[in-house]
Structure formats: C-alpha cells, structure tokens
Amino acid sequence: MVQKERMIGLKAELEKIKKETLHKLEQLNTMEELQDLKVKIMGKKGSLTALLKQMGRLSPEERPKMGQMVNEVRAKFEEAWEAKAKELEQLALAARLEEEKIDITLPGYRLLKGNQHPLSKVIEEIEDIFLGMGFTIAEGPEIETDYYNFEALNLPKDHPARDMQDTFFITEDILLRTQTSPVQVRTMEKMKPKLPVKVIAPGKVFRHDDDATHSPMFHQVEGLLVDKGIRMSDLKGILLYFSRQMFGESREIRLRPSFFPFTEPSAEVDVSCMLCGGEGCRLCKNTGWIEILGSGMVHPRVLEMGGYNPQEVTGFAFGMGVERIAMLKYGIEDMRLLFDNDIRFLKQF
Amino acid sequence: MRVSIEWLRQYLKIEQTPEELAEILTRGGIEVGGVEDLNKGFKNIIIGEIKSIKPHPNAQKLQVCDVNIGSEELTIVTGADNILVGDKVPVAVPGAKLPGDKVIEPTDLRGVKSQGMLCSDKELGLEFVGLDRSKGGILILLPDAEVGSKLEDYLGLDNSVLELELYPNRPDCMSMVNVAREVGTLLGLKPKFADWLEVNTPLWPTDVKQKIEIENPELSWRYSALLVEDVVIRPSPRWMRNRLRAAGIRPINNIVDITNYCMLETGQPLHAFDRDRLKGTVRVRLAREGEKLVTLDGVERQLDNSMLVIADDSGPIALAGVMGGLDTEVTASTKRILFESAHFAGANIRRTSRKLGMRSESSSRFEKGVDPHGTVTTLARVAELLLELEAGVPMSFTEHCVCLPPQAEIEVSLKRVNALLGVEYSEQEVEQVFEALNFDYESKPNGKYTVHIPSYRQDLKIEEDMIEEIARIIGYDRIPTTLPQGIQTQGRRTPEQEFRRKVRHTLTEAGMNEILTYSFTKKDSDDIWGRRDMNIPILNPLREELGVMRTSLLPGLLETAARNTARRNLDLLLFEIGNVYWPHKLPLTTLPQEKTLIAGLVQGQSQRHWLVPQIKFDFYFLKGILSQLEMACGVEFTYTRLNNSRYQELLHPGRSAEITVGGEYLGFMGEIFPQLDEEWGLNRPVLFELDFDVLYKNSQTALVAKSYPRFPAIQRDLALVVPQDIPSEAIKNRILELGGELLQTVEIFDVYQGQPVAEGYKSVAFSLRYQSPERTLKDEEVISLNSNILATVQKEFGAQWRK
C-alpha cells in the first residue's frame, strides 16, 4: 500500500515537473537559460533525475510503468526543448543578420587597373586576326634607307609618286620610313628562297604632315603573302575575313582600282559602313562605304628585288592605317587625341 | 585636274548626272574627289549697264545709279565707288537670290528707293571674272556682256566640274582629250575628236631663220616651235574664258589663253615667247652657275647648273617647263610669237620646281610625264585656234627632235590574266577591253595577244599593267573571293614579340596607363635626359621642337605628364614602350641602333576612397610596380644607389636607384631632382627607364614548378632598431644567410622612425619563416637559430632588439 501511495506520489510529482517545466520552457528567451533549464531537469541533480532515483523504491511491477512514464515526460521535454532551441537559434540568426546589414550602395574597392593605348590595342587586335590566319609578325627599322623605303619598292629617285609621301630626311640616303612597306623587301631578302612568305608588319611611320587628319607620326600594318599561285581573289578573301573580324560579321568589302608603285594591279579597299551598314550616313559621307586600306598584287620588280622569281611566284600586299582603324572602331573624330595622351581619354580603353 | 562637264560633252554624249559620272570614274580607278556646281547658288542676276551715277542726296558714301537691264531701267543705290558710266555690271533685281539664300527686295536707302543691288564677285561666289577694276568693288564685266541677259548664261555657270584626284601613274588624264578617252572606255562610248588631233607632222613651212638646239638631249627629247605673225592681243572669246575658268585658270588674253586652253585639251604645256625679243638661237640647256632669270611673276631667280633653261644668245629666257621669263613675255604690243611645244624630262623639272618652290600647271604636267609624240599635234591645235580667234597667223615651224620613244608593245596571256586575278575571263571579254580602250592588238594562238600601247598611256609597260587594265574595265567586283591554296602555316609571335606584349600587359595590370609619343623631340630636353649631342637631327623637321630623333623616352613622358598636370590631371601612372635611336656616329652614315626602352612616370596619389587610405604614387609605389614586372619576367632586380653622374642633377640623390639584373645594367628609377619638377610644372614625379633587350635577355623563359613542403612552418617576428643609414636589405640578406637552409623567407613588414625610437635610428621589423622539407621543426631549433641571428645582427649592425 505504501508502495501504491508512493507510486501515486511519484506520478503527481512527475505531472508537476512536466507541467512546470513545459511552462517554464515557453518563457525562456536565451540559449543560456535554455541550457540551465536542461540541467535543472535532466542534469545530475535535475528534478527528473531525482525522480528516477526514487523509482528503486517502487515494486518491481510498477517500476517499468513508472519508467515508461518518466521516459515519456523526458521525451516530451526534449522535444519541446529542441523546438525551443531551434526557435531561439533562428531568432538569434535573424538578429545577427539584421545587425550585420550594410549599405550596399557604397562603392566597392577596385584595384588600380591601367589601360593600353588605343593604338597598341588595335595593333594587337589586328595581329591576332592575322596570327589566326597563319601570318607571322615581321619588323623593320623606323629609320630606313632610301633604297628600302623607295627604290626597292619600284620608286626610283625623282619618281613623281614620291610626292605622295612627304618625307623626313636624316641625310640624302637615310630617312624616316614613310610606310611599313620596306619591311616587305627586307622580309623577302631574309626568307628567300623559302615559301610561303606570310607576314604582317606593324609599326611607326612618319610623314611631313600635321593637321586634324594627319599626324607626322602614325602607324601602319603591312601585310605580305608570297607563294606559288597567289591570286588577287585570295587578297580579296583574306581582307574580307579581316574586315569581318575587325568590324563585324555583316561587313562587306569592295575593291577599287588604285595606284601604288609596288603593286600591280593595285586596289583601294572599302568596307561597308560600320555605323549605318551601308545605308549612307555622316561617317561614310552617304556613300555606304569607308576606305580602310590599300592593296594589290606585288609588282614583279619588287619580287625580283626581294630575291624571288616573278615567273614562279606571285603575291599580294596590303597596308592599313592603324589610326584610321582605331578612329572608326572607337568613333574618335580628331586624330590628334591619339597623341595628346590625356589620361581622361586613355582611361576609356 | 578639273573637268568641265560642258567641255566633256563636246567629245561624248553623256547621259549620266555629274554625280553618277563621278561614281563610275571612281570605281574605274580615276578618283573623283568632288563634284562642284559652278553656280554657287544665285538666281535672277541680270547684266545691266550703268547709265548714270549721281551722289545720294542724304548720304555721302552712297551713290544712286540708273541701270539699264534691257527690259527696263532701275534706280539702284550702291556704296561702291569703282563703277563708271557705261560699265556692265551684275544686277540683283527684286526677287533675285544670292548664295546663302539671301533674297533681294526693293529697299529704301536713306530716302531713295533702291530697286535692286549691284553685286561684287565675292557676293556671287565667283572668281577670275571681270575687269581688274572689279577688285574690292562691284564686278565689272567685259564689254561683250549682253545687257538684259542672265549672268549665269553669260558665264556658263549652268555646268559642273569633276575634281579628279589623279594618281601619279595617270598624268595622261591631265588632258581633256584623254579624260574623254577614259570616260568613253568606262561608259562604252567612242569619243568624237576634231581632225587636228590626227596631225602628227608639221603643216607649216620650215623657218630658216629661227634655229633651235637641244644641248642636253637626256633632259629634252624634242623642242617644236610654231612661229606666228600679225598678232593682235585682245580678250579671248567668252566660250574660251568660261572653259578656262571652269578649269580653274584665270583668262588673260587671247594668246595666253590659247596656250592654257591647248594645254588643258591635250596635256602638252606650251609657252609663248615674244619673238621680237628673242636674240638668236633658242637653246635648251642647263643653266650656268651664277645665271639669273626674272620670271613672269617678277621674281629674280638664282639659277644653278642642275636647272634646265631655255636660253637665247643673251642668256636664260625661261625656266624650262616651269615658268617663262619676264623679258620675253607676250605683251599688248607683241606682234610676232614663238610658241614652244616641247618635251622635258620629268625628274629635272620636278627638282627645279622644288628647289625654287615654284609649281605651275606646266611643271605639274612635265614632272609626271608628257607624251613627246604630241608636240606637233598641239601646235596644230594652236594654229587652228589662232585663226579661229583671229589672234595671229601661223607662218612657219621649226624643231629639234632628238628622239621619240618607241611605241610600247605588251604581250598578254589570258592564262596569266586569269591566274593572277583568280578569274576565268574568256578571250572575248579580254578583247572587248582592248577595244574599249581603243588599243590595237594582235591575237595569237592559245589566248595570247600583242597589245600596242598608244604613246599617251606611258603608264602601261608590263603585262601586269595590262592585267590591271583588264581587271578594272571589266570591274573589280567581278573578282571572286577565295582563300590561298598553299601550305597552311602556324602564325605566332616571336618570343621577343611575345615578351614585349607581356611587359605591356604587366604594366597595365599594375595600374599604369600606356602612352604613345612622337619619336622626334626637342633637342634641349633630349640632351638632358638622353645622350647629349648623340641625338640624330632631322634635316627638315616639322617644327624645331620636333627636331631630333629621341635617345630617351623621358622627355616625351615628362611633356605628357606636364600637359596632363596643366589640365588638372594630377595623379598619373604613365608608361611607354618604344624605340630610341642611338647613332653609331654622327652625321649618320649607317642606320642607327634602334633600341627599345620601357619608361614610366608616376605622380600624385590614388583616388580617395571611403574604405582604404590613399596610396602615394612615390618611389616605393613605383618600385612595387617594377616588382610586378620582376615577377612576370621571372627575374630579380638589384637596386643600388645611383652613381652615374649623368643623373646626379636630374634625380634626387637620396631617392633614386640604379637597377641591375643578372649583373647587367638595366636602367634606373628615382624621384626627379627638387625644383626640376617645378620647371616642368610637375609635383615630385618618380621616373624609370629600362633597357628592354637586357630585361628580355635575363628573363626566365622556361618556368619550372616547385612543389610545396608538407611540414608546417614556424613564423617568428624580429624587430630591430638600427642606425637609419643601414640599408634594410643588407640586414635582411644577412638574416637569410644566418638562417641557413631552414629559413625560407624573410619579409620586412614594418619600418618606423620617431618616438620612442631614438633620433638617427629606425625600427625595422622582419618576419622570418622557418620550414623544413623533410620534417616538422622543433621549437628549440628555431629558438636557437633565431637567437644566433639576433646576436649576430646586434653585433654587426649595431642593432638593438625591440621586444
């Protein structure tokens, strides 16, 4: 009977613990308090633990019953505790997120980054297009002999075509090259008799001129392909490919007869206007076309002077003004900006 | 060459508009730079005759004129004072329009009603019109102007001009006849020419008295002369004046106009000498040193023995092919004339005209090449016009003809045409081109031709020239687009080109902006920053400031920095990679060494940012950029104090360094010398200049990857107080040495001067990182190494340990 009373007593106590604990749990606001409560209930000296200790005094039949009841309360408490813990964690996280909020409109920190000059950028781009077509890059001196700059290009002394290029002279026979074309002959001399000769030659050139559309120093990229069976149609194909890479896939080109002493036949090459697409606009002066380069089939005399037999090989050559291409590409209206080197201009590229 | 459409229509039935014709010519290889409407935009300008001129009743500077305009008489007020009664003048009647859409209305001018306006040539956009008296006032027309007719009809302004921009290979098109041939070829029309064009042999008796002698046959192949008597000098007729004006030539008088007109027509320059002023034999010879000639423009020219002249027994009377002499000029009283129609070698004319700075319609034709076959033909035209204009009577002819170049023949093979162009033209197509060109040819088997080139097409010499003719006349658009058939090649930059690109990209990645400056510069600054008196001078510089080829990139950088600073771009990170030119000796006899340098300039500081402090663009900042370059190139630079006397006045001695790599001199860096920056308008810039080749040569081309150790590292900091003159790097190197194999790296992470560090001392903090590739280090090992290091540097550098 005593045992029975005990059982009832324990039961009542268990019920009380359960009720009080769950109530308390509701009130808690911090993880610390939550931990404390856990200790108070389930710790070594916790109330539930104390209850369990008293179970030894119960009859063997009642013990498992009581055990089961305690376990149920414990499970219930743990469940409630976990839920509460989760709730508090979430609250704490929400508080932290709120607290850590920053002004995302403030500017970020950008590492210093410089810019390539637009002309060197365009030259690299042109180089890359031609490298992709199997051309290599040749170079030649900027201070040149009259021979390479003129004579070897079929421009003997006193040839009226020399007037096309106003020249800076150092001595009677040494000058600042007026074109990158001398690299043609220098390259052929170096390569002969190997085939193909397939190079582009970017570089500085100089002419006695200075206004909004002329600079006394500017840049050209020369191209030369000498091999057996090179045709003018190949020139057209290569330049069409180049123009599309440089100015967009929908570009077309057209050739116009022209004159250069070192090519025959010679052609001026126009590309369909990149601004209006050929409709006609201010940029193309309503023609739909923009002149971008000069070209032609290498003159037999030039092949000979380069050490090749014009009966066996043919070739084409072309030359383009880098400034002009950069101006078209970036919509630059005054060439002088390119050599003014104002950093506000340079930082755009 | 200015081509009048009205004139061109004399030879060809042209249906195209001037703009269409311009496009056809341009696509055919004769570039048309512009189409000019000769009427600059006026309407209803009537030719009137001044009947009376009275002073204005209310204004001193105005006059009131009665002007007969045919249909009526108008009262017009004018401010001009160059008019006389009887003058023919252009009258803007009410409703008339002037260029710029200005409409004329009757107006009240100080109480007198003006029924129109008298116009000046400028107001009408006209040039080369009227009497000399027109200058600065009302345009006074020649007496042949018809009262009451429209001014544009009288001046032939209902016409356009094509401005041909001829390439030097087509001097033939500096002639209306040849332009007509070219246009005919491109339009598929046959031009109609008058009979005189067929004349090849003189039609006049030989003059026995006038001798002609070419003394320099290499410079003149033919000199033909037509001798004319009973000359009457007067204005040439209206049609001729109008055509000359359209071509941009001022009409003078019938004789001068005939020479100009025939030159425009055939391309053969002419000169008229007053025969009564000629003394003896006309000679074509080189001038003698010291000879002088007063040319038509009244200027006395000093001649030298490279200049071809026309001389008589008294000396030079004309600069051959360039300009005549004043002494033998045709004047109002001239009665007998010698018309010269000659060939002169282009190169000599070109040199003479350049040397004297004289260019004329004549010289610009001769220097590009004039057909020596055409001298007599042109004189036949002169004779015809003299008679037509009743300007004189052609009496006799004389010439000295040294030689005439043979007519060129070109062998053309259809196979080669098609192979070179990448086309498949038929024999018929090619033959059509020969016919369109009006060239004689013979067909031979297998698609081969012999083409006879007319003498006026001196540009056609070899087969390729004919291939271009065929291609352009059939049209370049007919050439297809193909790709080369040969072996495919791999395109790549040479290692050196790749390296140059890497340097450029490394510097831009590090924050530097690339600039590009002229290769020529001012001698003064290049002398200072480059190699004094070893800069190559340009014979004909654009300006004195661009007088020498640079031997250093620094003047260009400093100028760029100065320009930017003046524009308030104060914070600068600039570099340039470019060539300088080092002569082997001066004056230049061989090509100089072209040396690539890398140079840069930094000034100012980084932009303000809310998050990070501003960084000064100073010595250490630039050194940091250079260390980026070291890393990219796989090299290590060594910095020592500059001892090059060249820079002692240019760079701050305490803030500059010589840079070597692999024991080789690479270049220098440093802050500009105090006050020198102010002279440039700069604020303490720091500069560097490096030798690209030395950097390239020393750069590591092959990268070998190292593995990293698996055992943990131990890090120890060591702060030392040392006398401030001791280079930090010396201590660092000594520590590394003392640390032996186990000491992997030593970094300086703090430098401090000031309280509590005693004056004359600095505190330098090193971070030492110990690590073994084979095992985990024991604390004791490190402690023992560290204390040995400390003891040694204390002794050797007078350092104190700062705990």
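Tutor: The expected span of a helix is 1.5 Å times one less than its number of residues. The structure discussed here is a predicted model.

Student: How far does helix α1 of chain A reach from its first C-alpha to its last?

Tutor: Helix α1 of chain A covers residues 2-27, which makes 26 residues. At 1.5 Å a residue, a span of 38 Å is expected. The span in the model is close to that value, at 37 Å.

Student: Against which helices do the buried residues of α1(A) pack?

Tutor: In α1(A), the buried residues are M7(A), L10(A), I17(A), K18(A) and T21(A). Their packing partners belong to chain A and are α2 (31-42), α3 (47-54) and α4 (62-99).

Student: How far apart do the C-alpha centres of domain 1 and domain 2 of chain A lie?

Tutor: Chain A is divided into domain 1, residues 2-99, and domain 2, residues 118-346. The distance between their C-alpha centres is 91 Å.

Student: Which strands stand at the edges of the sheet of seven strands in chain B?

Tutor: This open sheet has mixed pairing, and its order is β26-β29-β30-β34-β33-β32-β31. A strand at the edge has a single partner strand, so one side of it is left without a neighbour in the sheet. The edge strands of chain B are β26 (513-514) and β31 (637-641).

Student: What angle does the direction of helix α16 of chain B make with that of β29(B)?

Tutor: Helix α16 of chain B, residues 554-566, packs on the sheet and touches β29, β30 and β34 of chain B. Its direction makes an angle with that of β29(B) of about 150°.

Student: Is strand β33 of chain B mostly covered or mostly uncovered?

Tutor: A residue counts as buried if 20 or more other C-beta atoms lie within 10 Å of its own. Strand β33 of chain B has nine residues, at 664-672, and seven of them are buried. The strand is therefore mostly covered.

Student: Which residue stands opposite G667(B) in β34(B)?

Tutor: Strand β33(B) runs antiparallel to strand β34 of chain B, residues 686-691, and five bridges join them. Opposite G667(B) stands L690(B).

Student: Which residue takes a positive phi in the hairpin of β32(B) and β33(B)?

Tutor: Strand β32 of chain B, residues 651-661, pairs with β33(B) in the antiparallel sense over seven bridges. Among the paired residues, T660(B) has Y665(B) as its bridge partner. The hairpin has two residues between the strands, and a phi near 55° is taken by G662(B).

Student: What is the bridge partner of D440(B) in β25(B)?

Tutor: Three strands of chain B form an open antiparallel sheet in the order β23-β25-β24. Its edge strands, β23 (409-413) and β24 (440-444), each pair on one side only. Strand β24(B) pairs with β25 (448-452) of chain B over five bridges, and the partner of D440(B) is H452(B).

Student: Which helix gives the most to the side of chain B that touches chain A?

Tutor: The contact takes 81 residues from chain B and 71 residues from chain A. By class, the side of chain B has 37 nonpolar, 27 polar and 17 charged residues. With six residues, the element that gives the most to this side is α13(B).

Student: Is the peptide bond from L195(A) to P196(A) cis or trans?

Tutor: Most peptide bonds are trans. P196(A) is in the loop between α7 (182-191) and β4 (197-206) of chain A. With omega near -10°, the bond from L195(A) to P196(A) is cis.

Student: Is N154(A) buried or exposed?

Tutor: N154(A) lies in the loop between α6 (146-149) and β3 (174-176) of chain A. Its phi is positive, about 70°, although N154(A) is not a glycine. Because N154(A) has 20 C-beta neighbours inside 10 Å, it counts as buried.

Technical notes:
Residues numbered from 1 in each chain as written. Chains lettered and ligands numbered in written order. Predicted model: local features only at pLDDT ≥ 70, side-chain atom pairs only at ≥ 80, totals over all residues. Helix = DSSP H or I, 4+ residues; strand = E, 2+ residues; numbered from the N terminus. Buried ≥ 20, exposed ≤ 12 C-beta atoms within 10 Å, placed from the backbone. Contact = placed C-beta atoms within 7 Å. Domains from an automatic or database assignment. Pairing = 2+ DSSP bridges. Axes fitted to C-alpha atoms, helices over the stretch in contact; angles between N-to-C directions. Nonpolar A, V, L, I, M, F, W, Y, C, P; charged D, E, K, R; others polar.
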